Amino acid sequence: MRDQLDVVPDAILAGRAADGDTAAFETLARRYGPHLRASARRLTGSYADADDVVQEVLVQAWQQLDTLREPAAVKAWLLRLTGSRSIDLLRRRRNHATLTGPEDDQPADTVSPGAGPETAVVAGAGIRSLKAALSTLPEEQRRCWILKEINGQSYEEIARTLNISPASVRGRLARARITLVREMEDWR
Amino acid sequence: MSMPHETFECGHTLEELSLYLDTGEFPDPPHLESCPECRSGLDSLRRLSAAGEELFASDLAAAGSGNDDWMKEILAHLALELRPGRSIPLRADDPADTLSQTEGSVLALVRSVTDNLPGAVAGKVRLDGDVTVPGEPVSVRLDLAVLFGHPLMPSAASLREDLAEALARHTELNVAAIDITITDVIEAPREEM
């Protein structure tokens, strides 16, 4: 049975999960957990925060699955929830930092925004220079870029996540890309 | 190659090119073929996009598998609450007793009978009709995925019989119809993720 759930499409799993089938929900969580984690790590820059975000997203998803109109789109939905939760966490962290002082700004295990999660995979030159270039971006531009390129969200979805207009998303994304292109070409 | 001022000599901007790559919208598409600056700008943006895909692949690999301990730990902490759904009354021998079963348990029964049929996996299940009133006609509607190599129509026919029998045995629902929609035929094993 476990094997059968592993091979069925998202819509079947999402339909079952909405009916209360925890096994189907867990299959979805295992299927997309790594993508959610990768997205949350890039956005929050913290391993521990990223796993908290993934857990919160899964709790919210279980509660709200029956409101999902298009069960086949469950992956995009989970990524949108991950984007929103990660941004919420960054806002809370910033508010907290203003209250307690800048030295508490980052948790101890913070991955610097440009540095990637540690990996045995030897990163290629393209990845290394992109990571370095990402760390030079203003935070708001970096978020737009990650929501677009890692989460695959549309301009409208990013606009809702960041609470800005689609036109601002377009502008920030373009400025982010201009800077990234420039930085990466300097790198060569 | 040097990149880029935000506005090219031709008057177009990198912002326009960035939008073009995402949406295909551009005020003057033929221009992109002929303008060296715009073409070079698009090349740079495409290289960036390729680097972004590489970065994502590397991040995804670093995130581990969904079958690893980190996910097991998260799942163990979720404590997913049950979805009982509507309450379906059952006959009691003693009128002082109130017996019922949950809609969720009937949906689980339908899934379990379906999944037991070789090659069949249940999807969404609906009970149409007022199940809270005894004797009201109820239609059972079921999405079904069938694994490749299993015959579709015989599967659906024998599943309908199995479901009718199980529902008659384990519920008091007045099942007027069992509608099965085959939503997916699964061709081949999914790639390991």
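Visitor: How much of chain B is buried?

Guide: Buried residues make up 26% of the 193 residues in chain B. This is a predicted model. For chain A, the share is 47% of 188 residues.

Visitor: What makes a residue count as buried?

Guide: At least 20 other C-beta atoms must lie within 10 Å of its own. With 12 or fewer, the residue is exposed.

Visitor: How do you know whether B:A79 is buried or exposed?

Guide: Count its neighbours. B:A79 has 8 other C-beta atoms within 10 Å. The cut-off for exposed is 12 or fewer. Therefore B:A79 is exposed.

Visitor: Where does B:A79 lie?

Guide: B:A79 sits in the loop between α4 (69–78) and β1 (87–90) of chain B. Its phi is positive, near 50°, and it is not a glycine. Most residues other than glycine have a negative phi.

Visitor: Which value of phi does A:N163 have?

Guide: A positive one, about 60°, although A:N163 is not a glycine. A:N163 belongs to the loop between α8 (155–162) and α9 (166–187) of chain A.

Visitor: Why does A:N163 count as exposed?

Guide: A:N163 has 10 C-beta neighbours inside 10 Å. Exposed means 12 or fewer. So A:N163 counts as exposed.

Visitor: How does chain B compare with a compact globule in radius of gyration?

Guide: A compact globule of 193 residues would have a radius of gyration near 16 Å. Chain B has 28 Å. Along its principal axes, the C-alpha trace of chain B spans about 90 × 40 × 35 Å.

Visitor: Which elements build the two chains?

Guide: Chain B has six helices and five strands. From the N terminus, they run α-α-α-α-β-β-α-β-β-α-β. Chain A has nine helices and zero strands.

Visitor: What makes two residues a contact?

Guide: Their C-beta atoms lie within 7 Å. By that test, 51 residues of chain B are in contact with 56 residues of chain A. On the side of chain B that touches chain A, α3(B) gives the most, with 13 residues. That side divides into 28 nonpolar, 12 polar and 11 charged residues.

Visitor: Which residues touch the most other members of the largest nonpolar core?

Guide: A:L28, A:L78 and B:V110 do, in a core of 81 residues. Helix α3 (residues 22–44) of chain A gives the most to this core, nine residues. In soluble globular proteins, nonpolar side chains tend to be buried together.

Visitor: Which residues does B:V110 touch, not counting those up to four places away in sequence?

Guide: B:V110 touches B:A122, B:V125, B:V140, B:L142 and B:L163, with that neighbourhood in sequence left out.

Visitor: Which domains does the assignment give for chain A?

Guide: Domain 1 covers 1–111, and domain 2 covers 114–188. In chain A, 12 residues of domain 1 are in contact with 12 residues of domain 2. On the side of domain 1 that touches domain 2, the largest share, six residues, comes from α5(A). By class, that side of domain 1 has six nonpolar, three polar and three charged residues.

Note on methods. Residues numbered from 1 in each chain as written. Chains lettered and ligands numbered in written order. Predicted model: local features only at pLDDT ≥ 70, side-chain atom pairs only at ≥ 80, totals over all residues. Helix = DSSP H or I, 4+ residues; strand = E, 2+ residues; numbered from the N terminus. Core = buried A, V, L, I, M, F, W, Y, C linked by C-beta atoms within 7 Å. Nonpolar A, V, L, I, M, F, W, Y, C, P; charged D, E, K, R; others polar. Rg over C-alpha atoms; globule rule 2.2 N^0.38 Å. Domains from an automatic or database assignment.
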